[in-house]
Amino acid sequence: MDQSTFATSPLATSALAAGGLLGGFAIARTTKNRQLGGAVLAAVGVACTASWNASAGPKVAGALLGTYLVGFGASHPLAKKIGAWPAVSVAAGATAAASLVLTRS
């Protein structure tokens, strides 16, 4: 598999999106620097959006970016009910699942 195929692989992009949410949270929590975690979240969001756009077009890319951002935002109130890591895991899983469903060929 060449690099361009990997970059737009639905499975790889779905995993990257989940990793961006989990990794951004882990970095913010570990370093106690929310801006650094946000930078990771943003960088991964940009990479995923480019991949989603290449594989499924701008409408799907926009919808999935929205899912990624809503997942991030929704994890905050959800964390008050189920805990921080479970909430981020739910958001990451939902985003990855939506990415797989919407980018399947």
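Tutor: Residues are numbered from 1 along each chain as its sequence is written, and side-chain values use heavy atoms, with hydrogens and water left out. Because the model is predicted, local features need pLDDT of at least 70 and side-chain atom pairs count only at pLDDT 80 or more, whereas totals for chains, interfaces and linings use all residues.

Student: Why is the pair of phenylalanine 25 and tryptophan 85 called edge-to-face?

Tutor: Rings of Phe, Tyr and Trp (its six-membered ring) pair if their centres lie within 6.5 Å, with planes under 30 degrees apart counted as stacked, over 60 as edge-to-face and the rest as tilted. The two ring centres are 4.7 Å apart and the planes stand at 85°, so the pair is edge-to-face. The structure holds one aromatic pair, and it links distant parts of the chain, with phenylalanine 25 in helix α2 and tryptophan 85 in helix α5, 60 residues apart; helices here are DSSP runs (H or I, at least four residues), numbered from the N terminus.

Student: How do you know whether tryptophan 85 is buried, partly exposed or exposed?

Tutor: Buried means under 20% relative accessible area, exposed over 50%, and partly exposed in between (1.4 Å probe, protein chains only). Tryptophan 85 has a relative accessible area of 36%, and therefore is partly exposed.

Student: Which class does glycine 83 fall into, at 22% relative accessibility?

Tutor: Glycine 83, found in the loop between α4 and α5, has 22% relative accessibility and so counts as partly exposed.

Student: And what makes lysine 32 exposed?

Tutor: Lysine 32, which lies in the loop between α2 and α3, has a relative accessible area of 73%, so the residue is exposed. Lysine 32 also has a positive phi of about 60° although it is not a glycine. Most residues other than glycine have a negative phi.

Student: What makes a set of residues a nonpolar core?

Tutor: The term denotes a set of buried Ala, Val, Leu, Ile, Met, Phe, Trp, Tyr and Cys residues joined through side-chain atoms within 4.5 Å. The largest such core has twelve residues in all, among them Leu21, Leu41, Trp52 and Tyr68. Helices α2 (10–31), α3 (34–56), α4 (58–82) and α5 (84–103) each supply at least two of its residues, and the largest share, four residues, comes from α3.

Student: Which residues is leucine 21 in contact with, leaving aside its neighbours within four places in sequence?

Tutor: With contact taken as heavy atoms within 4.5 Å, leucine 21 touches Leu41, Tyr68, Phe72, Val88, Ala91, Ala92 and Thr95.
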